[in-house]
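User: I would like to go through this model with you. Could we begin with the charged contacts and then move to the interior?

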Amino acid sequence: MDSISDNPTDDLSSGIEMRLGAPDGGRGNGGVVLEEDSLLRIDNKDPEDGAASLDEFRAKAVYRNFCLMSVLFSAVPAAALACLSLATARLGETGAWQSGVLFLSYTLCAVTIAIHIVKQLGSKRALIVGMTLFCVYIGCFFFATLIPNAARSFALTGAAIGGIGAGILWTSQGTYFTEAAEEYASFSGMDLSESTSSLGGTFAFALLIEETTLDLLSTLLVREFKIHWAVVFSIYFLLAIVATGLMVFVKAYPRSKERTSGNKETASLGGYRTSTFYQATATLQLLVNDSKMKYMIGMNAAFGFAGAFLDSFVNGEVVPIALNDSKASLVGLLVAFHGGAAAIASLAFAQISRRIGKGPVLYLGAVCFAWVAAPFLIQPSLDNWTFEKLIGIYCLQGIGRATFEGTLKAVFADFFSYDKEAAFANIILQSGLTGATAYVLSAQLSCPQVSTYCMEYRDGSLHDVGTLASCVVFASALGIVGFARASCLQASQGQHRRLQEAANDQAGSFDRNNNYDSVNTRTTGELSRRQNEVI
């Protein structure tokens with residue numbers, strides 16, 4: 001009984017303030033602090049009550065599912081990339097043109113239909129569609145090897161269809177990656193940047209270790225067991241088909257829904273839209289409307305040019321001539337060094353990115369891409385190249401590749417999370433277009449006579465290798481400068497958002513205080529009226 005006030009009006013006032021919450025946060029009248037304390041108790045429940053354990057269980061489930069997706073998904077691009085590395089070595093000039101068609105089809109798909117398909121089907125079903133079509137590209141190597149007279153028709157047709165599949169596949173993979181990273185962050189307690197770094201490293205490792213295994217398989221079967229190349233390509237083809245079928249066991253995320261955010265980037269794009277026209281042009285709209293995207297072109301161009309330089313010139317000409325390997329049986333082994341270096345680096349970069357940020361990792365990757373080509377400008381004579389020196393070139397490409405498959409895609413998820421489909425389609429647009437350009441240049445850059453950088457290929461044609469190598473170095477330098485600028489813009493936009501949020505919070509607090517003062521005035525009037533009635 002002692003806890004009850006003798007004055008009934010005091011009890012009434014205290015009760016009203018308890019319900020409303022005093023703006024001054026006074027502890028004596030049961031205001032906001034009590035409400036905040038109760039929320040803190042709810043948000044920080046003891047792990048023994050099961051809430052924390054449930055989130056931990058869900059986070060592990062998300063991670064296991066992402067690992068399953070990574071392993072199954074990676075089988076198809078790993079097989080395709082193993083074929084791509086052998087295209088010029090096995091098919092000659094047809095292989096160079098085939099690679100150009102593949103990258104051109106890949107790029108056009110990303111710019112036109114890929115986003116529409118991903119938004120309509122959802123990321124998982126779009127993954128399956130893309131993987132299925134990409135299998136056609138892998139299968140074309142089997143048929144081109146089995147029926148040499150029709151090799152050109154099989155190669156170019158398979159490249160055109162496979163490019164469409166690759167465009168859908170990598171756009172949907174980027175979407176699925178971002179969706180999984182957001183869910184993993186929500187359950188694990190990480191921020192989104194940490195989550196993308198962690199999952200990005202996991203995905204890159206799965207892709208690169210599978211690619212390395214398949215590269216080694218070709219060398220082992222052909223060189224040691226004298227297996228025909230048609231059998232090797234049939235193994236790749238069957239593996240890709242089986243992995244595609246098993247994708248039904250991967251979790252499906254809901255399709256992207258219409259949503260609009262108040263941040264600057266989304267406002268500039270008008271939010272998510274469902275019209276076919278918008279989805280068909282979203283890639284270009286993001287490139288035009290978000291300044292950061294323009295500055296990311298260099299990083300993707302470095303990957304596109306370096307990869308084409310390695311596949312068309314180093315695999316196709318340097319290895320057969322320098323190592324006297326006319327059957328290209330050592331290409332798989334050397335590419336395996338590239339994949340192994342990339343797989344190891346991807347795990348290391350995932351941890352480094354979480355500690356010092358993603359920027360230094362991307363700068364390192366760009367430097368590595370430059371040094372894939374720069375040694376051939378310094379030492380152009382192919383007779384001076386040895387197996388050991390070539391291992392160094394492939395390892396440099398592998399380290400650069402690790403930054404592209406893991407760190408760069410994590411950066412895109414961070415920078416452009418408001419339109420993830422268009423963001424990852426831009427990776428395809430930029431790397432695909434530069435890759436296609438590089439493959440065409442490798443076949444068409446001719447010169448009048450043999451000189452320091454004008455080299456005679458095995459088929460007797462003369463090619464200007466110096467210009468192609470210079471393009472790789474220039475793109476890498478552009479990537480470093482461009483990413484530095486994009487990072488500054490991202491930091492500036494982040495600061496602007498934080499200031500805007502702080503201003504909005506302050507305005508909201510001011511409105512709540514005014515509302516409290518108004519209600520408190522009415523309450524005081526009501527108390528005075530009741531006291532007068534009692535008197």
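**Salt bridges and packing**

Analyst: A salt bridge joins the side chains of E405 and K409, with 3.0 Å from N to O. The term denotes a side-chain nitrogen of Lys or Arg within 4 Å of a carboxyl oxygen of Asp or Glu. This is a predicted model, in which local features need pLDDT of at least 70 and side-chain atom pairs count only at pLDDT 80 or more, while totals for chains, interfaces and linings use all residues. Residues are numbered from 1 along each chain as its sequence is written, and side-chain values use heavy atoms, with hydrogens and water left out.

User: Where do E405 and K409 sit relative to one another in helix α16?

Analyst: They are 4 residues apart in helix α16, a separation of about one helical turn. Helices (H or I, at least four residues) and strands (E, at least two) are DSSP runs, numbered from the N terminus.

User: Are E405 and K409 buried or exposed?

Analyst: E405 is buried at 4% relative accessibility, and K409 is buried at 6%. Buried means under 20% relative accessible area, exposed over 50%, and partly exposed in between (1.4 Å probe, protein chains only). Salt bridges with shared partners also connect E211, R401, E405 and K409 in one network.

User: How many salt bridges are there?

Analyst: The count is 9 salt bridges. One of them pairs K358 with D414, where the closest N and O atoms are 2.8 Å apart. K358 is in the loop between α14 (331-356) and α15 (359-378) and D414 is in helix α16, so this pair ties together parts 56 residues apart in sequence.

User: And what about E317 and R458?

Analyst: E317 and R458 form a salt bridge with their closest N and O atoms 3.9 Å apart. E317 belongs to helix α13 and R458 to the loop between β1 (454-456) and β2 (462-464), so parts 141 residues apart in sequence are tied together. E317 is buried at 8% relative accessibility, whereas R458 is partly exposed at 41%.

User: Changing topic: how many aromatic pairs are there?

Analyst: There are 28 aromatic pairs. Rings of Phe, Tyr and Trp (its six-membered ring) pair if their centres lie within 6.5 Å; planes under 30 degrees apart count as stacked, over 60 as edge-to-face and the rest as tilted. F303 and F404 form a stacked pair, 3.7 Å centre to centre with 5° between the planes. This pair links distant parts of the chain, since F303 is in helix α13 (residues 297-322) and F404 is in helix α16 (residues 387-415), 101 residues apart.

User: Are F303 and F404 buried or exposed?

Analyst: F303 is buried at 17% relative accessibility, and F404 is buried at 5%.

User: Which residues have the most contacts inside the largest nonpolar core?

Analyst: They are Y137, F309, F313 and V314, in a core of 122 residues. Helix α3 (residues 51-91) gives the largest share of this core, 17 residues. A nonpolar core is a set of buried Ala, Val, Leu, Ile, Met, Phe, Trp, Tyr and Cys residues joined through side-chain atoms within 4.5 Å.

User: What is Y137 in contact with, leaving aside its neighbours within four places in sequence?

Analyst: With those neighbours left aside, Y137 is in contact with A80, C83, L84, Q98, L102, G158, A159 and G162. Contact means heavy atoms within 4.5 Å. Y137 also belongs to an aromatic cluster with F134, F141, W229, F233 and Y236.
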